[in-house]
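Colleague: Could you take me through this structure feature by feature, giving the general idea before each case?

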Amino acid sequence: MSQRCGLVAVLGAPNAGKSTLVNALVGQKVAIVSPKAQTTRARLMGIAIDGEAQILLVDTPGIFAPNRRLDRAMVAAAWEGAEGADRVVLVIDAAAKLGQRVEAMLAEVEQRREPKILVLNKVDIAKKDDLLVLASTLAERLKPEAVFMISSTNGDGVPDLKRHLAAAMPEGPWHFPVDQLSDATDRMVAAELTREQLYLQLHSELPYASAVETEKWEDRKDGSTVIHQQILVERDSQKAIVLGKGGSRLKAIGQAAREAIGEHIGRKVHLFLHVKVNPRWDEDRGLYREIGLEWAE
Ligand SMILES: Nc1nc2c(ncn2[C@@H]2O[C@H](COP(=O)(O)OP(=O)(O)OP(=O)(O)O)[C@@H](O)[C@H]2O)c(=O)[nH]1
Ligand SMILES: [Mg+2]
């Protein structure tokens, strides 16, 4: 049998479970996940393999009406990632009501010519009766080539979706070595893993006002790696939240991030976190480059 390889754009509203699905299809965690909307910022490609097929999955930030510069850059990255894909996978949170954000995204997706696959995610917590209505309503609008009902967290339905995607990939040589799981650099993943801890450990208004930047990365001869990262926030009050009492919160964030990064790169990690207040960090071009986004005017 000959090799297949193709591009799949994973689109959907914030919090629909796009990154969780990419991780499930890849079979390992390549993208960060949190219960908060707008977790994904960097455009990231997860690489899944099924038989002879290599499936390149572009995880995108949730799509919504852009306001801040960062939002505009994220939306641009999302649509760019979807362009020229062999398939568009549209992920819908089947446990949530169809709101304005989903509507805005559907209106955009309807215009696209790429063959679409409709994925109703979170069936483990969705009401069975609602599912069928939702599936038929959306199928009528989007005319997808297939509809899947899945749970990205417990894996139900994921192998069927993967097989379908594999069969849909065009014939051609693989683009990546067999053991490569994503296109992100270790530096980038490390910064994302720290940001994931900010999302998981702090309350809701902070994470979106924060970013993580790598200041220094040193692979030592003794097999360990020294990493300095800067956590950027917009206000002094936010810095206080990140630090916690006597620096306890920052310590807990650092500990969890260090473990996750160590596991990812397979080396012992010495992680140093610094918190910096910069009211306009989202106007810093260098940072956009670091998180894989293009500056959006
Ligand atoms: N119960 C359940 N929860 C899920 C499922 N898939 C994802 N989640 C949860 O939904 C939340 C959002 O998941 P993400 O993968 O970060 O969602 P996303 O679409 O990438 O979100 P953004 O990056 O913010 O656009 C997380 O808390 C996940 O654990 C699922 O199939 N079932
Ligand atoms: Mg995401």
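Modeller: What follows is a dialogue that starts at the ligands and then turns to single residues. Please keep in mind that this is a predicted model.

Colleague: Let us begin with the surroundings of ligand 1: how many residues surround ligand 1, and which are the closest?

Modeller: A residue joins such a shell when one of its heavy atoms lies within 4 Å of the molecule. Here 24 residues surround ligand 1, and the closest are Lys-18, Thr-20, Gln-38, Thr-39 and Asp-124. Sorted by class, the shell holds 7 nonpolar, 13 polar and 4 charged residues, and the largest share of the shell, 3 residues, is supplied by helix 1, which spans residues 18-26.

Colleague: Which residues coordinate the magnesium ion, and through which atoms?

Modeller: At a metal, the ideal angles are 109.5 degrees for four tetrahedral donors, and 90 or 180 degrees for six octahedral ones. In this model the magnesium ion, ligand 2, is coordinated by Ser-19 through OG and by Thr-40 through OG1, at 1.9 to 2.1 Å. Because Ser-19 lies in helix 1 and Thr-40 in the loop between helix 1 and strand 2 (44-50), the pair ties together parts that are 21 residues apart in sequence. Water is not among the atoms, so a site like this may look incomplete.

Colleague: Are Ser-19 and Thr-40 buried or exposed, and is Thr-39 buried or exposed?

Modeller: A residue counts as buried when its relative accessible area is under 20%. Ser-19 and Thr-40 are both buried, and Thr-39, with a relative accessible area of 8%, is buried as well. Thr-39 sits in the loop between helix 1 and strand 2, where its side chain makes a polar contact with the side chain of Ser-34 at 2.8 Å and reaches the backbone oxygen of Lys-36 at 2.7 Å. Leaving aside neighbours within four places in sequence, the contacts of Thr-39 include Arg-195 and Tyr-199.

Colleague: What do I learn from a C-alpha separation, for example at Ile-150 or Asn-154?

Modeller: The idea is to set distance along the chain beside distance in space. Ile-150 and Lys-122 are 28 residues apart in sequence, yet their C-alpha atoms are 6.5 Å apart. Ile-150 belongs to the loop between strand 6 and helix 5 and is buried, with a relative accessible area of 0%; among the residues it touches, not counting those up to four places away in sequence, are Leu-21, Val-119, Val-123 and Leu-161.

Asn-154 is found in the loop between strand 6 (146-149) and helix 5 (158-168), and its C-alpha atom is separated by 7.9 Å from that of Asp-124, 30 residues away along the chain. Asn-154 is partly exposed, at a relative accessible area of 44%, and its side chain reaches the backbone nitrogen of Asp-156 at 2.9 Å.

Colleague: And what is the phi of Asn-15 and of Lys-143?

Modeller: Most residues other than glycine have a negative phi. Asn-15, although not a glycine, has a positive phi of about 75°; Asn-15 lies in the loop between strand 1 (4-12) and helix 1 and is partly exposed, with a relative accessible area of 32%. Lys-143 likewise is not a glycine and has a positive phi, of about 50°; Lys-143 lies in the loop between helix 4 (128-142) and strand 6, and at 63% relative accessibility it counts as exposed.

Colleague: To close, where is Ser-224 found, and which residues is it in contact with?

Modeller: Ser-224 is found in strand 8, residues 224-233, and counts as buried at 3% relative accessibility. Apart from neighbours within four places in sequence, Ser-224 is in contact with Glu-218, Asp-219, Arg-267, Lys-268 and His-270.

Definitions and conventions
Residues numbered from 1 in each chain as written. Chains lettered and ligands numbered in written order. Predicted model: local features only at pLDDT ≥ 70, side-chain atom pairs only at ≥ 80, totals over all residues. Heavy atoms only, no water. Helix = DSSP H or I, 4+ residues; strand = E, 2+ residues; numbered from the N terminus. Nonpolar A, V, L, I, M, F, W, Y, C, P; charged D, E, K, R; others polar. Donors = N, O, S within 2.8 Å, 3.2 Å for Na, K, Ca; no water. Buried < 20%, exposed > 50% of the residue type's maximum accessible area, 1.4 Å probe, protein only. Polar contact = N/O pair within 3.5 Å; in protein donor to acceptor, adjacent residues only side chain to side chain. Contact = heavy atoms within 4.5 Å.
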